[in-house]
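This report goes through one structure, with attention to domains, a chain contact, a helix and a loop. Please look over the sequence and the model before reading on.

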Amino acid sequence: MISAKKKKFKSAIEYEILLLPALLGFAIIFLYPAVKSIIYSFTDFSVFNRTISFIGLKNFIDIFHDDRLTAAIKNSTLYAVSFTVLQSAFAIPLAVALDSKIKTRNILRTVYYMPHIFSALIIGYVWSFNFSTSSFGLINNTLKDIGLGFLAQNWLGDPRIAIYSCIFVAVWQGTGYAMMLYVANLQSIPREMYESAVIDGASPFQSFRHITFSFLAPAMTITTLTGMIGGLKVYEQIVALTNGGPGYATETLTTALMYRGFTENRYGYASALAVIMMIGIMIISFIQLQILSKREDKLL
Amino acid sequence: MRISHEKYKSRDYIMEIVLWILSLIILIPFYYLAVNTFKSPAHVTHAPMALPGADFSFSSYQEAWSKMNYPRVFINNLIYTGASVVLNLFVSSMAAYALVMKRTRFHRFIYLLFISSIMIPFQMLIIPLMRMFSDFHMMNTYQGVILVYVFTNISFVTFLYYSFVKTIPPQLEEAARMDGATVMQTFWRIYFPLLVPVTVTAGINLVIGFWNDFLVQVLFISKPEMQNITRAVFSNVGQFTTDWSTLLPMFMLSMLPLIVFFFFMQKYIVKGLVAGSVKG
């Protein structure tokens with residue numbers, strides 16, 4: 001009897017030992033710094049202030065009077081929303097086309113997906129070469145060759161269009177990934193749905209809207225959620241393309257955070273920006289999950 | 001019936017041609033990058049789209065190879081990625097198993113904590129982590145970067161394992177324990193081998209993520225001999241901003257290992273995308 005009890009105690013301990021490394025590492029490397037950031041955000045902690053004092057919400061108020069940071073909030077929102085919408089807008093038709101009986105569909109899928117596996121920094125550099133206004137700039141050269149030379153632009157140097165050039169590169173790199181998710185989702189739609197729609201006299205557009213589009217809800221949930229979060233967090237691609245410039249035209253939340261935090265060493269202030277970023281991501285995820293899971297529920 | 005069949009076929013052909021034309025948007029930039037790495041700088045400037053002619057050479061690769069100290073940064077990448085992926089998979093799978101088997105309030109709380117932390121961006125950790133790492137002399141160390149990789153990605157992988165372990169009938173565990181196996185033995189000998197699909201999916205995603213990482217590297221690694229490939233390319237761009245003839249081969253050299261990895265793992269990558277996203 002005693003040995004049975006002892007055995008049970010021993011096994012209870014063993015479960016905790018399995019959990020311990022994850023818990024310990026998570027607490028030290030994740031939880032503690034996250035809580036610390038929240039605390040920093042209410043202080044004037046910087047490399048110049050050796051004595052840290054609490055200043056309430058001052059950092060949060062200052063952020064909204066800081067040109068660099070308001071530009072960052074605006075740009076990141078524009079970037080995230082445009083990227084998410086365009087990514088699915090291109091990926092869904094592409095997925096439908098590549099779900100058909102085309103012979104080379106596997107090679108085509110690979111080609112479209114390929115850019116996604118590379119570092120966003122490297123892809124950013126490749127595109128800054130393509131966008132170049134020098135004699136070797138791929139985009140301007142191509143425009144001239146096809147007689148559209150008047151459309152040639154200073155793609156990354158013109159503050160009015162630089163952010164759109166960045167969004168273009170993100171869509172170029174991310175559409176294939178979304179397409180793969182949609183292709184996988186399409187394969188789960190029962191064929192009989194389309195057959196009975198044809199019998200009922202539905203047009204191809206109607207069956208796309210009512211069958212394909214609604215059945216794609218699960219893939220759309222994951223694509224738009226990762227798109228929004230990834231868009232708000234964008235960093236290396238911007239570093240490679242514009243480094244936030246010209247002026248603040250492509251400044252994003254993370255480039256601004258790195259600037260205030262490590263170029264200027266204003267730790268408390270930069271932490272406040274991180275907190276705003278986290279709150280933004282949480283609110284957006286929550287709203288999106290609410291809306292999208294309602295769409296998924298309709299399916300059942 | 002025959003007519004409609006033929007009509008369908010020709011529509012397929014048109015679709016295929018359209019899709020190949022569209023794919024040029026992806027292919028041309030890669031062609032453009034590759035073709036200009038074998039040409040002389042003057043040729044790049046004058047005829048960037050042209051194939052290399054008499055000036056075909058690997059000399060810009062040789063220069064890029066030595067400037068970014070490729071063998072060294074490649075080995076660094078292997079160390080960072082290899083160690084982090086293996087550790088992460090072990091730690092996450094163990095935790096997920098314990099969290100499924102033990103359903104006390106404490107364990108449910110831990111599970112919820114892990115899940116909700118997926119929404120906390122890494123940017124929240126940057127400043128305190130930098131402070132911590134400089135206090136504990138962890139800047140410019142392998143272990144520092146590896147710890148960050150492992151534990152900033154643990155909740156997501158634990159979540160993947162958790163969902164999978166839950167689908168295994170609990171009788172399996174009970175039977176193993178009846179036969180006298182300890183918890184550890186049950187996990188390592190019976191459960192861990194069953195978790196291979198998740199291990200492969202999560203492993204591939206982690207490999208690509210860690211291999212390409214830049215942000216953690218730029219924060220914690222400044223010494224050239226400790227940098228990974230992406231970080232080394234960044235340092236070189238800073239130094240030779242407009243010397244594209246050296247930079248383009250660097251981009252190629254950084255992409256090459258991923259192309260090889262993709263080539264061998266393609267089947268699993270596609271499967272993983274399906275398993276990870278659409279549960280049906």
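## Burial and the model

The model is predicted.

B:His137 is found in the loop of chain B that runs between α6 (126–135) and α7 (142–152). B:His137 counts as exposed because 9 other C-beta atoms lie within 10 Å. Its phi is near 55°, a positive value in a residue other than glycine.

B:Asn140 is found in the loop between α6 and α7 of chain B. Phi of B:Asn140 is near 55°, again positive in a residue other than glycine. With 15 other C-beta atoms within 10 Å, B:Asn140 is partly exposed. As background, most residues other than glycine have a negative phi.

## Helix α10 of chain B

Helix α10 of chain B covers residues 183–194, twelve residues in total. At 1.5 Å a residue these should span 16 Å, and the end C-alpha atoms are 16 Å apart, so expectation and model agree. Seen down the axis of α10(B), the buried residues fall within an arc of 90° and therefore line one face of the helix. These buried residues are B:Val183, B:Thr186, B:Phe187 and B:Tyr191. On the other side of α10(B), B:Arg189 and B:Pro193 are exposed. In an α-helix there are 3.6 residues a turn, so residues three or four places apart point the same way.

B:Trp188 also lies in helix α10 of chain B. It has 16 C-beta neighbours inside 10 Å and so counts as partly exposed. B:Trp188 and B:Met94 are 94 residues apart in sequence, yet their C-alpha atoms are 8.9 Å apart in space.

## Annotated transmembrane regions

An unreviewed UniProt entry places the feature "transmembrane region" at residues 12–34, 78–100, 109–130, 142–165, 186–211 and 244–264 of chain B. Two of these ranges can be compared with the model. Over residues 78–100 of chain B, the chain is 100% helix and 0% strand, with the end C-alpha atoms 33 Å apart. Residues 244–264 of chain B are likewise 100% helix and 0% strand, and here the end C-alpha atoms are 31 Å apart.

## Domains of chain B

The domain assignment divides chain B into domain 1 (2–60) and domain 2 (61–277). Taken over C-alpha atoms, the centres of domain 1 and domain 2 of chain B are separated by 34 Å. Where they touch, nine residues of domain 1 of chain B are in contact with eleven residues of domain 2 of chain B. On the domain 1 side of this contact, α1 (2–35), α2 (41–46) and α3 (59–67) of chain B each supply at least two residues. The residues of that side divide into five nonpolar, four polar and no charged.

## Contact between chains A and B

How many residues does each chain bring to the contact? Chain B supplies 67 residues and chain A supplies 64 residues. Helix α14 (residues 244–277) of chain B gives the most to the side of chain B that touches chain A, with eleven residues. By residue class, the side of chain B that touches chain A holds 51 nonpolar, 13 polar and three charged residues.

Methods:
Residues numbered from 1 in each chain as written. Chains lettered and ligands numbered in written order. Predicted model: local features only at pLDDT ≥ 70, side-chain atom pairs only at ≥ 80, totals over all residues. Helix = DSSP H or I, 4+ residues; strand = E, 2+ residues; numbered from the N terminus. Expected span 1.5 Å × (residues − 1). Buried ≥ 20, exposed ≤ 12 C-beta atoms within 10 Å, placed from the backbone. Arc of directions from axis to C-beta. Contact = placed C-beta atoms within 7 Å. Nonpolar A, V, L, I, M, F, W, Y, C, P; charged D, E, K, R; others polar. UniProt positions renumbered as here; feature names shortened; annotations may be inferred. Domains from an automatic or database assignment.
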